[in-house]
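My plan is to look up contacts and write down what I find.

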Amino acid sequence: MKICVLVKEVPDAAVQKRIDPATGRMDRSGEKNLNPYDTHAIEAAMQLKESGALPIEEIVAVSMGPESAVRALHKAVSLGADRSVHLTDAALAGSDVAATGYALAQTLKRENPDLVLLGQQSDDGECYTIGAVVADHLGMPSLTQVIKMDVEGGNSLRAERQAEYGYDTVQVSLPAVISVGDAINEPRYPSLKAIMGAKKKQLDTVSAADVAIDASKVGGDHSAAQWTGSKEPPKKAPGRIIEDEDTAQTVEQIVAWLDERKLI
Amino acid sequence: MFFDLDDETELLRRTVREFAEGEIAPVAEELDYEKRFPYEIVAQMGELGWMGIPFPEEHGGAGGNALQYAIAVEELTRVDSSVAITLCAHTSLGVQPIYLYGTDDQREHLMPDLCAGRKLGAFGLTEPEAGSDAGNVRTRATLEGGEWVINGAKQFITNSGTDISGHVAITARTGEKEISNIIIENGTAGYEQGAPYRKMGWNASDTRPLTFTDCRVPEENLLGPRGAGFKQFLHILDIGRIGVAAMGVGLAQGALDQALAYAKERQAFGQSISKFQSIQAKLADMATEIEAARLLTYKAAWEKDLGRNFTLTAAQAKLKTGRLAVRCAEEAVQIHGGYGFIEEYPVARFYRDAKILTIGEGTDEIQQMVIARALGA
């Protein structure tokens, strides 16, 4: 069996994120890192493989991005992926979520995976949706926010999903696309030996044409969603501080304040 | 000139940083307060290959280089000096002599456990009357019936008395004008580790005095040729300076990080104190000096990795970074005001941990001597 893990290079968490007003795209010029949420997906793949519950022969990291995204793939293989695929093409720049999902699905078709894993969100775009788009294109079931996976029989998983109201348990047959929540595991640190060996692992670089991507469906110009502007959240009005000189009076003031707003 | 790190080294830096922030920072204050040796952290670092970074894989090392080692030490010290000196002394002083001068048997016997962090190595050079004047060794080793019989005392020896300390390589007088290095494994009769010192800093690291009383080890525990001890330890100290210089860079950077974060958060006179020119001048000077010191340290490591002579650069790096660490820690405390004087923020610990960097692995005065000598003065 083969697991493909979708990974992304994002601005480092320590870098203040900003939209470049000229392009409407995120400024990605600063220090970059592998999307931290994706490390949970790689770890989940590794744990499935190491548990022996499924006969997993290969874990493949797949990324779409500019040349620098190779570093994110190196980190992905140092964390345990066996090899990596880098989809890179100038025509893809500026793709929205739907276009990116389509392009990634085209790349995945070539790999024919039994399971596609990805992090719950990217640390930059934070759309939470790419897994569902990919699943739709591949005609596979999609699960999100999965925080526990158990193998059931030879070809299905029982997954626990984190929801606002509690936890869902879902049975899903493979192949499937699953985005994992960050509560699923504690990703390991790559050993120095694994880091040094990362470049020796196979890296396939593919263009849009190599994976039969229809150029009229990708890139900033062909994306259906267009960025038109951004603004900072409105500043909150300053709160009111009540000095506690006389507690009985303070309580009265608080109650009056709440009462005025019909909060009690 | 090319200043970018290669991908592997950059990823190592990032990994060590994430590890230091994720695994060490949350417990650093507690370890320091309780003077508790970080066994779990050492075990994790061993699994990650960091207890043997610059040694070849065939000996159990990670197959890295001096620059990678320096960067790992820098990133650890940015968060905690006790963990950093444990790794640093182990690598530079514990494993390096075995790697450089050990026989095949000695390497095979000791290095795999050392590089995996299952055991710690120590180097016993300093004595009550032989510090900077390290040639003034009083510890004696005499050959009797195929065994070295060792009598004497060492002091300030890092990593010598933990539960996982495996050996110490000591300098001993094996003749009137002859110094040799001899390996003594922990548990050998006649070799005793005294109680840990009450130190100003590096509280979670292990530092002890050692005594040797009719301690007998096999003749083949000699490290390298008989009488080569003096030359060997000078070279070991040269290499060690790169690691300690990296500690200076890391401590200074950690102090700056703390000071900057605090200055942005702390309000006075209606604004963040980071907006005041006097605070900005401190932060700007620190950042500038740290970058200069970092480049000097990396250059020393780079020279070593190219097989060039690095004695001068390593001494310069050590001199520069030790002083800088002390100054940056002091400025960081100053910026924290009263909060810097209590153990509520890490800078008080940094202040206590910094001072040894102008003393250990050759005092500033010894570095000046080495540098002046290289200048031909």
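**Entry 1: a ring cluster.** I am working on a predicted model. I began with aromatic rings and found A:Tyr189, B:Phe19 and B:Trp50 linked into a cluster by ring pairs. The search over all chains gave eleven aromatic pairs. I then took the pair A:Tyr189 and B:Phe19: the ring centres are 5.2 Å apart and the planes stand at 75°. Planes over 60 degrees apart count as edge-to-face, so this pair is edge-to-face. The pair crosses between chains. A:Tyr189 sits in the loop between strand S12 (176-180) and helix H5 (192-197) of chain A, and B:Phe19 in helix H1 (residues 7-34) of chain B.

**Entry 2: the interface.** How many residues does the contact take from chain B and from chain A? I noted 21 residues from chain B and 16 residues from chain A. Together the two chains bury about 1700 Å², with 58% of that on carbon and sulfur atoms. I looked up which residues of chain B contribute. B:Glu8, B:Leu11 and B:Arg14 supply 35% of the area that chain B buries against chain A, more than any other three residues.

I turned to charges and polar atoms next. Between chain B and chain A I have five salt bridges. One pairs the side chains of A:Lys75 and B:Glu18, at 3.4 Å from N to O. Seven residue pairs are in polar contact between chain B and chain A. H1(B) gives eleven residues, the largest share of the side of chain B that touches chain A.

Entry 3: I logged six helices and 13 strands for chain A. Its C-alpha trace spans about 70 × 50 × 40 Å along the principal axes. Of the 264 residues in chain A, 46% are buried. For contacts in chain A with a separation of 6 or more, 70% join residues 24 or more positions apart.

I picked out A:Asp123, in the loop between strand S8 (115-119) and helix H4 (130-138) of chain A. Is A:Asp123 buried or exposed? Its relative accessible area is 13%, so I wrote down buried. Leaving out residues up to four places away in sequence, A:Asp123 touches A:Val10, A:Ala13, A:Lys17, A:Asn35, A:Pro36 and A:Tyr37. I also noted A:Lys217 over the face of A:Tyr102, 5.1 Å from the ring centre.

**Entry 4: salt bridges.** The whole structure holds 46 salt bridges over all chains. I looked at B:Glu75 and B:Arg13, whose side chains meet at 2.6 Å, N to O. B:Glu75 is in helix H3 (residues 66-77) of chain B and B:Arg13 in helix H1 of chain B, 62 residues apart. Both B:Glu75 and B:Arg13 are buried.

Next came B:Glu34 and B:Arg36, with their closest N and O atoms 2.7 Å apart. B:Glu34 is partly exposed at 43% relative accessible area, and B:Arg36 is partly exposed at 37%.

The last pair I looked up was B:Lys282 and B:Glu331, a salt bridge at 3.1 Å, N to O. B:Lys282 lies in helix H7 (residues 277-305) and B:Glu331 in helix H8 (residues 311-336) of chain B, so this pair ties together parts 49 residues apart in sequence. B:Lys282 is partly exposed, at 22%, whereas B:Glu331 is buried, at 17%.

How values were computed. Residues numbered from 1 in each chain as written. Chains lettered and ligands numbered in written order. Predicted model: local features only at pLDDT ≥ 70, side-chain atom pairs only at ≥ 80, totals over all residues. Heavy atoms only, no water. Phe/Tyr/Trp six-rings, centres within 6.5 Å; stacked < 30°, edge-to-face > 60°. Helix = DSSP H or I, 4+ residues; strand = E, 2+ residues; numbered from the N terminus. Lys NZ or Arg CZ within 6 Å of the ring centre and 35° of its normal. Contact = heavy atoms within 4.5 Å. Buried area = accessible area lost by both parts, 1.4 Å probe. Salt bridge = Lys/Arg side-chain N within 4 Å of Asp/Glu carboxyl O. Polar contact = N/O pair within 3.5 Å; in protein donor to acceptor, adjacent residues only side chain to side chain. Buried < 20%, exposed > 50% of the residue type's maximum accessible area, 1.4 Å probe, protein only.
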